[in-house]
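Please read the points below with the sequence and the three-dimensional view at hand.

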Amino acid sequence: MEIGLKRLIGEGLDAYVEESRRFNAASKAVAGPATVEELHQARERQARSLTPLDSRATQHTAEVGGRRVPVRITVPRETEIRGAYLDIHSGGFYLGSAASGDARNARLADALGVAVVSVDYRLAPKHPWPAAPDDCETAALWLLDQAESSFGTTELVIGGASAGSTLAMTTLLRLRDKGLADPFVGAVLQFGAYDLSGRTPGGRLYADEYFIEAYVGHVADRTDPDISPLYGDLADLPPTLLVVGGLDILLEDNLAMAARLSAAGNDVDIRVYPESTHAFTHRPTGMAAAALRDAESWIAYRLSSA
């Protein structure tokens, strides 16, 4: 396994390994909420940490077929729009918000000249599956309909982190089944969870996490591809970049998803970042910056090749 993973690690990352090790050693391990009470406390902490005063994102409502979902839109400050990016935030299906990604989305918009549309999907356990994928599909359908008139582009990219990557995959599968996935020229999936059934080796590593109970505790068969996309028909999807840390509990899940995407005939690029734990791209390290630069370069190539 170690020899194989080395082939997936990009050149030049050795320069950031020691810093990542020091960061990991200094960081306290933080477990996710394990009860509804702990979830409410985590949401309160997140709300206090948000500082949207400098945000230039604007709030809108995406509406399609009688379904509505709030979205936050960030456009480039100076450059011309060359594409639109549908962003699906992280948070285990029960935490987070579109606003939490305002700073990252502003950077992405300016670096690539893309209009970023971030989805404020409903959260579990008050709104369990299929509320979140329904909302993400609504936002995607709205973007398909509005991208050219609102942003002057028909080139689309979808991306997410953690639970957001899971939802990005389920959104693509829904669009593909409707014959509507072609405008998406790429998907960027950061450390997603793709087997919530716990039946695969990778899925068993996190099968006892509370977020699964909160999100799909009412579902008997969690191998439904709308829940665990690893079990879906993965043919005819756009080129995909998977980003994951070498120390992430979801590493095996991401390797399995990359293998299944490749076996289905898709263009797949998986990149493993050493000494990096879950959600490492949200941290102030050189490794995180390198991963984000890699993702931006990958997106730029896909937009230029469309």
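1. Basis of the note. This is a predicted model, in which local features need pLDDT of at least 70 and side-chain atom pairs count only at pLDDT 80 or more, while totals for chains, interfaces and linings use all residues. Residues are numbered from 1 along each chain as its sequence is written, and side-chain values use heavy atoms, with hydrogens and water left out.

2. The buried face of helix α4. Helix α4 spans residues 102-112, and its buried residues are Asp-102, Asn-105, Ala-106, Leu-108, Ala-109 and Leu-112. Helices (H or I, at least four residues) and strands (E, at least two) are DSSP runs, numbered from the N terminus. Buried means under 20% relative accessible area, exposed over 50%, and partly exposed in between (1.4 Å probe, protein chains only). Viewed down the axis of α4, the buried residues fall within an arc of 160°, so they line one face of the helix; the arc is that of the directions from the helix axis to the C-beta atoms. An α-helix has 3.6 residues a turn, so residues three or four places apart point the same way.

3. Surroundings of α4. Against which elements do the buried residues of α4 pack? They pack against strands β2 (67-74), β3 (83-88) and β4 (114-119), and against helix α10 (286-305). Just after α4, Gly-113 takes a positive phi of about 70°.

4. The pair α4 and α10. The axes of these helices come within 11 Å and cross at roughly 45°. Axes are lines fitted to C-alpha atoms, for helices over the stretch in contact, and angles run from 0 to 180 degrees between N-to-C directions. The angle makes α4 oblique to α10; angles under 35 degrees count as roughly parallel, over 145 as roughly antiparallel, 65 to 115 as roughly perpendicular and the rest as oblique. The crossing of α4 and α10 is right-handed, where left-handed means that the near helix is turned anticlockwise from the far one by less than a right angle, and right-handed means clockwise. On the α4 side the contact is made by Arg-107, Leu-108, Ala-111 and Leu-112, and on the α10 side by Ala-289, Leu-292, Arg-293, Glu-296, Ile-299 and Ala-300. Contact means heavy atoms within 4.5 Å. By class, this contact has seven nonpolar, no polar and three charged residues. Ala, Val, Leu, Ile, Met, Phe, Trp, Tyr, Cys and Pro count as nonpolar, Asp, Glu, Lys and Arg as charged, and the others, Gly among them, as polar.

5. Leu-112. This residue belongs to helix α4 and is buried, with a relative accessible area of 6%. Leaving aside neighbours within four places in sequence, Leu-112 is in contact with Arg-82, Glu-296, Ile-299 and Ala-300.

6. Val-114. Is Val-114 buried or exposed? Val-114 is buried, at a relative accessible area of 2%, and has its place in strand β4. Apart from neighbours within four places in sequence, Val-114 is in contact with Thr-74, Val-75, Pro-76, Gly-83, Tyr-85, Leu-108, Ala-109 and Leu-303.

7. The pair α5 and α6. Helix α5 (residues 131-151) and helix α6 (residues 163-177) pack at an angle of about 60°, with axes 9 Å apart. The two are therefore oblique to each other, and their crossing is right-handed. The residues in contact include Ala-132, Pro-133 and Asp-134 of α5, and Leu-167, Thr-170 and Thr-171 of α6. The contact of α5 with α6 has eight nonpolar, two polar and three charged residues.

8. Cis peptide bonds. The bond from Ala-124 to Pro-125 is cis, with omega near 0°. Another cis peptide bond joins Trp-129 and Pro-130, with omega about 10°. Pro-125 is found in the loop between β4 and α5, and Pro-130 lies in the loop between β4 and α5.

9. Most residues other than glycine have a negative phi, and most peptide bonds are trans. Phe-191, in the loop between β6 (184-190) and α7 (201-204), has a positive phi near 40° and counts as buried at 0% relative accessibility. Glu-275, in the loop between β8 (268-273) and α10, has a positive phi of about 55° and counts as partly exposed at 23% relative accessibility.
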